[in-house]
Amino acid sequence: MKEYLCISNDVKLGKNVWLSKFINLYGCEIGDNTKIGAFVEVQKNAIIGKNCKISSHTFICEGVSIGDNCFIGHGVMFINDNYPKATNPNGEIEREEDWKERFVKTIIENNVSIGSNATILGNINIGEGAIIGAGSVVTKDVPSHQVWLGNPARMIKTRK
């Protein structure tokens, strides 16, 4: 199965991490007992806590921190540049140094569940125990123990 994995030497894998086929991991940290589904990419400086389930076709970009016991559904997209551009002022393809001023982080606290195909914009904090509905687009912070859904996502109810 290793022939279908792309894991760079700088990845920190916890104990009992379960990796599916066709994944791409580099410069990231994955906590103990976490399961990573097929066709998932986790970029450098992304952190995933322990006991998480990351479902297939999800993209976790640089600057995303996911707490412990989180569920990330299929095809969830995280964004770390809310104003992306293809080229810099010189007309050249942007490189990392071109967009470092626009780079933003995202924090997903413990026990969060994010439904399939949700998009989480950058510079967002999703609080402990929150639930994000499938297909939602999260454009602002989500307080702990609330359920949000829609595009843009709105609070539907508070959980106990």
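1. Let's start with a cysteine: Cys70 is buried, at a relative accessible area of 2% (buried means under 20% relative accessible area, exposed over 50%, and partly exposed in between, using a 1.4 Å probe and protein chains only). The closest cysteine sulfur to that of Cys70 belongs to Cys52, 4.7 Å away, which is too far for a bond. A disulfide is a pair of cysteine sulfur atoms within 2.5 Å.

2. A word on what you are looking at. This is a predicted model, in which local features need pLDDT of at least 70 and side-chain atom pairs count only at pLDDT 80 or more, while totals for chains, interfaces and linings use all residues. Residues are numbered from 1 along each chain as its sequence is written, and side-chain values use heavy atoms, with hydrogens and water left out.

3. The disulfide count for the model is zero.

4. Now to the charged residues. Side chains of opposite charge can pair when their charged atoms come close. A salt bridge here is a side-chain nitrogen of Lys or Arg within 4 Å of a carboxyl oxygen of Asp or Glu. With that rule, the model has four salt bridges.

5. One of them joins Glu96 and Lys44, whose closest N and O atoms lie 2.9 Å apart. This pair links distant parts of the chain, 52 residues apart: Glu96 sits in the loop between β13 (77–78) and β14 (106–108), and Lys44 in the loop between β7 (41–42) and β8 (47–48). Strands (E, at least two residues) and helices (H or I, at least four) are DSSP runs, numbered from the N terminus. Glu96 has 42% relative accessibility and therefore counts as partly exposed; Lys44, at 28%, is also partly exposed.

6. Which residue does Arg102 meet in a salt bridge of 2.9 Å, N to O? The partner is Asp81. Both residues are in the loop between β13 and β14, 21 residues apart. Asp81 is buried, and Arg102 is too.

7. Arg102 has another partner to point out: Glu94 forms a salt bridge with Arg102, with 2.7 Å between the closest N and O atoms. Glu94 is buried at a relative accessible area of 15%, and the value for Arg102, also buried, is 18%. Together, Asp81, Glu94 and Arg102 are linked in a network of salt bridges.
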